[in-house]
Amino acid sequence: LELRVRSVNPPADASLTGLARLNFLDLELRDQDSILNARPTLLAVLEALARLDRKKQDCFLTVSIADEVELGDAQGLARILSTIDAEKGVRIEPPPPGQLYYRAFTPDPGLLDRQKRIHHPWELSLSDCRGPVGGTLLRIDTVWREGGSAPELEAAEFPISGPEDLRQTLDAEAERARKTGSRPRPPVMLVFAASTLRYGEMTRILALALPAHPTVHVYLDTELPPLPTTHRTPTETP
């Protein structure tokens, strides 16, 4: 099955979040031959899946989200999908190329505590604007100072103006780590964005980075954790 998600008249009330936003989605559940939901609503999709479940049919579902869908809408839908994704019944498959797995929108809040991480993923903060979206990429490192009794966190900041920028920065940093013998960074990225940003605006800037960094955690309307005291620009030597 395929669940196609489109947007119809995004809410004018910006305070609407989560499940309240799902009324503004146009949903289409398809098999190879037909549309299975009688109405383009979430309730109708769930009813169609329930009919298949009563027939003891396991459903393999791919979720495809249109570019115009706001991230807040995608998050609300992901929270519902996470409740029906099971070994028996509905199994949600990997997304189409260039899209994120739906669980990207149900991230682990524990990852926001940098002090408790085993490894530090990349952190990308996206601007909230229409048109080309840019942002700031952060590399967080745990360092031991001579004479220090405990490790410290250190941050390096990289301005990102587009998808090529992001990929080139990640590639350059991977090469820097290889030359210095540093531990490879996990292929994971934390993305911080506004719920009003559109899905296509986010996936466009991530597109060239996703093959090497396929695991993405999206935090909406969430401030970046405070920067460590030690903060370098990309031009400064470690």
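This is a predicted model: local features need pLDDT of at least 70, side-chain atom pairs count only at pLDDT 80 or more; totals for chains, interfaces and linings use all residues.

Student: Where do aspartate 141 and arginine 185 sit in the chain?

Tutor: Aspartate 141 is in strand E6 (residues 135-143), while arginine 185 lies in the loop between helix H3 (163-180) and strand E8 (188-193). They are 44 residues apart, so the pair links distant parts of the chain.

Student: Is aspartate 141 buried or exposed?

Tutor: The cut-off for buried is under 20% relative accessible area. Aspartate 141 has 17%, so it counts as buried. Arginine 185, at 23%, is partly exposed.

Student: Which salt bridges does glutamate 28 make with arginine 4 and arginine 6?

Tutor: Its side chain meets that of arginine 4 in a salt bridge at 3.7 Å, N to O. Here glutamate 28 belongs to strand E2 (residues 25-30) and arginine 4 to strand E1 (residues 2-7), 24 residues apart. Glutamate 28 also bridges to arginine 6, with the closest N and O atoms 3.6 Å apart. That pair again links strand E2 with strand E1, at a separation of 22 residues.

Student: How accessible are glutamate 28, arginine 4 and arginine 6?

Tutor: Glutamate 28 is buried, at 13% relative accessibility. Arginine 4 is partly exposed at 32%, and arginine 6 is partly exposed, with 32% as well.

Student: What network do these residues belong to?

Tutor: Salt bridges link Glu2, Arg4, Arg6, Asp26, Glu28 and Arg30 in a network. Across the structure, there are 16 salt bridges.

Definitions and conventions. Residues are numbered from 1 along each chain as its sequence is written. Side-chain values use heavy atoms; hydrogens and water are left out. A salt bridge is a side-chain nitrogen of Lys or Arg within 4 Å of a carboxyl oxygen of Asp or Glu. Helices (H or I, at least four residues) and strands (E, at least two) are DSSP runs, numbered from the N terminus. Buried means under 20% relative accessible area, exposed over 50%, partly exposed in between (1.4 Å probe, protein chains only).
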